[in-house]
Amino acid sequence: MSATQFPPLQIGKHVAPRPIIQGGMGIRISGANLAAAVAEAGGIGTISAVGLGLNSPYFDPEERNFGRRRANFFEANRLALIDEIKKARELSPTGILAINSMVAAQDHETLVRTAAEQGINLIISGAGLPMHLPEAVADYPDVAIAPIISSVRAARVICRKWGRQYNRLPDALIVEEPRSAGGHLGAKAEQFEVPEFLLPSVIPELVAVLEREFGAKIPVVAAGGIWSREDIERVLALGASGVQMGTRFITTEECDADIRYKEFHLQATPEDVMLVPSPVGLPGRALRNPFVEKAIAGTLEPKNACLASCLHTCSYRDRGENYCILRALDRAARGDVETGLVFAGENGGSAEAIVPVAKLMAELTECP
Ligand SMILES: Cc1cc2nc3c(=O)[nH]c(=O)nc-3n(C[C@H](O)[C@H](O)[C@H](O)COP(=O)(O)O)c2cc1C
């Protein structure tokens with residue numbers, strides 16, 4: 001293997017030889033298999049912790065009593081996360097493994113504590129500001145914590161709160177650009193081009209603010225629209241210490257999604273990438289399919305009762321609007337790319353083949 005030209009990425013006590021975090025992708029798009037492959041290849045592999053119980057042997061979707069079904073769902077999520085972390089650790093005994101836990105999920109704190117107990121190296125947390133993350137991992141000094149934010153303003157709020165209340169600062173900050181990232185976005189469409197939310201302005205400003213206002217050299221990681229080695233070079237030149245990439249890892253052999261999901265990504269064109277309304281409020285970015293077209297037109301019929309009240313804010317649960325995002329993402333991950341929700345970043349439709357993670361990591365980091 002030839003040498004990487006990029007410096008390693010240190011987050012807390014953990015040093016990744018290649019400064020690439022594979023972003024958490026729910027539901028079950030980035031599970032143990034993908035995360036372990038990335039960790040083994042010298043990056044940081046992330047298991048998405050959201051909704052893992054849904055298709056696990058621990059959950060009974062036929063339970064009719066809502067309260068019992070809900071309790072069963074959260075317990076199933078916890079048990080399935082333990083399984084997933086154990087499996088990843090078996091596949092990558094010494095690599096750096098992370099979980100992604102969404103603040104918007106009702107069982108966020110339980111999942112964070114569970115992952116820390118299970119010896120995860122890093123907890124990445126977004127979809128809301130993870131104000132109390134330090135408390136959840138207080139007993140685990142080796143567990144690093146990294147919020148996902150989209151603006152310097154959000155980073156300041158977290159750093160001030162953590163500093164004041166917990167005497168701790170983030171071990172890294174992941175800046176996700178709404179204009180380009182896949183999945184749920186941190187801003188409305190009309191805010192996408194505002195400099196406050198663009199990587200070229202946020203990265204240098206955030207690096208400076210962290211040093212000036214907090215006296216800390218906290219690694220800043222850029223996410224959204226990063227596809228090639230040149231893209232990585234560009235954001236490192238802005239002051240980032242690493243990148244988080246999602247979409248590019250979907251078309252890998254090790255990605256945990258059904259093969260039909262990967263092939264759907266492979267067949268898509270850049271014109272298929274669209275913004276889709278979501279029951280959580282802010283839009284998501286996904287590939288065009290009949291489901292997304294109906295979601296945009298507002299013609300999806302509410303089909304099922306709320307499964308488990310899994311989110312703090314959900315317009316499907318509260319008003320029957322939009323769709324059950326848990327079920328929509330799960331359908332897609334299991335290969336139903338017609339009626340499921342297939343998230344993708346702005347670079348969706350650029351993949352040319354399904355490749356092994358090791359090959360992709362080499363292409364992204366090694367000198368030509
Ligand atoms: C299929 C898919 C699912 C995602 N799921 C999550 C998630 O559950 N939680 C989260 O914080 N980010 C999620 N993301 C965002 C990624 O972790 C990553 O930050 C983003 O995709 C980076 O942009 P890129 O796809 O252009 O590389 C998802 C992205 C995709 C494409």
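Tutor: Helices (H or I, at least four residues) and strands (E, at least two) are DSSP runs, numbered from the N terminus. The structure is a predicted model, in which local features need pLDDT of at least 70, side-chain atom pairs count only at pLDDT 80 or more, and totals for chains, interfaces and linings use all residues. Residues are numbered from 1 along each chain as its sequence is written.

Student: Where is isoleucine 27 placed, and which residue does a cis peptide bond join to isoleucine 27?

Tutor: Isoleucine 27 belongs to the loop between β3 and α1. The cis peptide bond has an omega of about -5°. The partner of isoleucine 27 in that bond is glycine 26.

Student: Is arginine 28 buried or exposed?

Tutor: Arginine 28 is also placed in the loop between β3 and α1, and its phi is positive, about 65°, although it is not a glycine. A residue is buried if 20 or more other C-beta atoms, placed from the backbone, lie within 10 Å of its own, exposed if 12 or fewer, and partly exposed in between. Arginine 28 has 29 C-beta neighbours inside 10 Å, so it counts as buried.

Student: How many helices and strands does the chain contain, and what is its radius of gyration?

Tutor: The chain contains twelve helices and 13 strands.

Student: What share of the residues of the chain counts as buried?

Tutor: Two residues are in contact if their C-beta atoms, placed from the backbone, lie within 7 Å. Among contacts with a separation of 6 or more, 66% are between residues 24 or more positions apart. Of the 368 residues, the share that counts as buried is 52%.

Student: Which elements do the buried residues of α1 pack against?

Tutor: Helix α1 (residues 32-40) has eight of its nine residues buried, so it is largely enclosed by the rest of the structure. Leu34 and Val38 are among the buried ones, and glycine 42, with a positive phi near 95°, follows the helix. The packing partners are β3, β4 (44-48), α2 (66-91), β5 and α12 (357-365).

Student: What is the handedness of the crossover from β4 through α2 to β5?

Tutor: In β4, Ile44, Thr46 and Ser48 point one way and Gly45 and Ile47 the other, all of them buried. Strands β4 and β5 run parallel and are joined by five bridges (two strands pair if DSSP finds at least two bridges between them), and isoleucine 47 has isoleucine 99 as its bridge partner. A crossover is right-handed if, with the strands pointing away from the viewer, the path from the first strand over the helix to the second runs clockwise. By that criterion, the β-α-β crossover from β4 through α2 to β5 is right-handed.

Student: Which residue of β11 stands opposite glutamine 22?

Tutor: Strand β11 (residues 242-245) is covered on both faces, with Gly242 and Gln244 buried on one side and Val243 and Met245 on the other. It runs parallel to β3 (residues 20-22) over three bridges, and it also pairs in the parallel sense with β10 (residues 220-223). Opposite glutamine 22 stands methionine 245.

Student: Which elements give two or more residues to the shell around the ligand?

Tutor: Counting a residue as near if its C-beta atom, placed from the backbone, lies within 6 Å, 31 residues surround the ligand, and Gly23, Gly182, Gly183, Gly246 and Gly345 are the closest. The elements that contribute two or more residues are β5 (96-102) and β11.

Student: Which are the edge strands of the open sheet?

Tutor: Three strands form the open sheet, in the order β9-β13-β12 with antiparallel pairing. Each edge strand pairs on one side only, and the two are β9 (183-184) and β12 (273-276).

Student: How far apart in space are lysine 294 and asparagine 322?

Tutor: Lysine 294 lies in helix α9 (residues 290-297) and is partly exposed, with 14 other C-beta atoms within 10 Å. Asparagine 322 sits in the loop between α10 (315-319) and α11 (325-333) and has a positive phi near 60°. The two are 28 residues apart in sequence, and their C-alpha to C-alpha distance is 9.5 Å.
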